[in-house]
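Please look over the structure shown below before reading on.

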Amino acid sequence: MYWKNLDKIWVIVTHLAAAFLGAFLISFLFVDDVQYQDQKLYQLLDIIENRFVEDANTTTLEDVAAYAMVKATGDQWSYYIPASQYQAHVESTENIYVGVGATMDRKDDGSGLEVTELTEGGGAAEAGIQLHDVLIRVDGKSCAGIELKEVTPWIRGEEGSTVVLTVNRNGQELDFTVTRKRVEIPVATYEMLPSGYGLVTIENFEARASEETLEAIDALMEQGAKGLIFDVRFNPGGYTTELVKILDYLLPEGPLFRRESYDGQTSVDYSDAQCVDLPMAVLANKSSYSAAEFFAAALQEYDAAVVVGEQTTGKGYYQNTFRLVDGSAVAISTGKYFTPKGESLAGVGVMPDVPVKLDQESSDALDQGILEREKDLQLQAAVALLSKKLIISR
């Protein structure tokens with residue numbers, strides 16, 4: 001028993017030492033100035049390079065060191081992006097990806113990945129792949145027993161390149177040579193609910209968020225929507241520029257968003273007098289972050305909308321991304337956000353006007369996009385509340 005406990009302690013000490021070593025080592029890895037060459041970090045690197053019994057992987061050392069240094073700031077919102085993941089990060093912020101245009105889910109029996117959705121005009125659809133085909137191999141590599149996140153890098157690649165996908169269709173194995181294409185991910189979707197209220201679901205506030213959201217609002221108003229419900233549940237935030245454009249469209253004249261940078265400089269975005277004069281509600285939950293929270297907070301502070309759901313995350317800092325010499329990048333918190341009234345949401349979040357909590361099963365279904373509208377208690381609460389307000393106002 002003693003030796004088992006000692007082994008556990010040794011593992012913990014080793015991990016802590018690695019983290020601290022990484023934090024120190026990063027200052028060497030990204031600084032070339034001769035003035036630092038007499039410091040212990042250079043001595044340490046020299047020992048590793050010339051005396052270590054094995055070959056040390058420089059890229060791994062740099063990644064571990066960079067990760068540890070950012071983590072050592074104690075800021076949960078700052079993060080390091082390895083060079084190998086930078087392009088995926090850029091694609092995420094642009095709401096695009098280069099791939100085959102197919103959404104897949106892992107089969108319960110582990111046999112492969114079932115095609116659940118095909119993008120119109122995507123490479124998979126054009127090659128002849130169909131819904132419910134089960135992907136079993138990618139360029140000859142088996143997908144059996146492998147998670148989707150592990151298969152995704154095999155499928156994605158450079159625009160215009162090809163990949164061979166082998167699927168099982170009703171017991172028959174078929175090979176398809178699929179061309180990878182640039183695929184735009186929808187940011188804002190909308191629908192007219194049976195109640196006569198328009199539902200706008202905003203996935204994030206990255207590229208095209210304002211354009212697609214405003215188009216959705218206009219389309220619903222043209223259809224005669226009695227009111228608008230904005231769904232920012234599981235929305236991770238994004239660009240403040242996109243957020244401000246949407247708020248400016250919805251709200252009357254006044255301050256919309258306040259910033260304070262690391263050097264003390266402040267700025268405020270303002271709305272003009274034009275606004276949308278309809279009853280509104282915002283659906284939010286504990287996974288509504290950053291710009292999604294400030295969207296809800298601004299509408300709430302202007303009494304333009306009621307917030308229904310759960311208390312949001314409480315992210316009050318914004319990040320700037322800096323590219324490093326090896327193609328990696330670091331996103332560091334460089335300032336603070338404030339609501340129109342100057343309130344910080346850091347560690348607090350937005351408190352809903354009408355608290356409604358989903359059970360775990362419903363929350364998971366919502367996150368996967370398969371929760372039926374009738375079973376979405378938060379959505380139904382928003383509809384009931386807007387209907388009541390509409391009756392009272394009349």
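This is a predicted model: local features need pLDDT of at least 70, side-chain atom pairs count only at pLDDT 80 or more; totals for chains, interfaces and linings use all residues.

Side chains of opposite charge can pair when their charged atoms come close.

**Salt bridges between separate elements**

- K181 and E126 form a salt bridge in which the closest N and O atoms are 2.7 Å apart, and this pair links distant parts of the chain, since K181 belongs to strand β9 (residues 181-184) and E126 to helix α5, 55 residues apart.
- E173 forms a salt bridge with R137, and here the closest N and O atoms are 2.8 Å apart; because E173 lies in strand β8 (residues 172-179) and R137 in strand β5 (residues 134-138), the pair ties together parts that are 36 residues apart in sequence.
- E173 is partly exposed with a relative accessible area of 48%, and R137 also counts as partly exposed, at 26% relative accessibility.
- R259 forms a salt bridge with D269, with 2.8 Å between the closest N and O atoms; as R259 is in strand β13 (residues 254-261) and D269 in strand β14 (residues 266-271), the pair ties together parts that are 10 residues apart in sequence.
- R259 has 18% relative accessibility and therefore counts as buried, the cut-off for that class being under 20%.
- E184, R208 and E212 are linked with one another in a network of salt bridges.

- Within α3, the buried residues include E62, A65, A66, A68 and V70.
- An α-helix has 3.6 residues a turn, so residues three or four places apart point the same way.
- A127 lies in helix α5 (residues 123-127) and counts as partly exposed, at 28% relative accessibility.
- A127 and V100 are 27 residues apart in sequence, while their C-alpha atoms are 9.6 Å apart in space.

**A negative surface patch**

- D359, E361, D364 and D367 form a negative surface patch.
- One of these residues, D364, is found in helix α10 (residues 360-367), and D364 is partly exposed, with a relative accessible area of 36%.

**Loop residues with positive phi**

- Although N170 is not a glycine, N170 has a positive phi of about 55 degrees, and this residue sits in the loop between β7 (162-169) and β8.
- With a relative accessible area of 80%, N170 is exposed, because the cut-off for that class is over 50%.
- D303 likewise has a positive phi, near 55 degrees, in a residue other than glycine, and the place of D303 is in the loop between α9 (290-301) and β16 (305-309).
- D303 is exposed as well, with a relative accessible area of 68%.

Conventions. Residues are numbered from 1 along each chain as its sequence is written. Side-chain values use heavy atoms; hydrogens and water are left out. Buried means under 20% relative accessible area, exposed over 50%, partly exposed in between (1.4 Å probe, protein chains only). Helices (H or I, at least four residues) and strands (E, at least two) are DSSP runs, numbered from the N terminus. Patches are made of residues with over 30% relative accessible area and no salt bridge: like charges are joined within 9 Å, nonpolar side chains (Val, Leu, Ile, Met, Phe, Trp, Tyr) within 5 Å. Accessible areas come from the Shrake-Rupley method with a 1.4 Å probe; for residues, only the protein chains shown count as cover. A salt bridge is a side-chain nitrogen of Lys or Arg within 4 Å of a carboxyl oxygen of Asp or Glu. Lys and Arg count as positive and Asp and Glu as negative; His and the chain ends are not counted. The place of a charge is taken as NZ of Lys, CZ of Arg, CG of Asp or CD of Glu.
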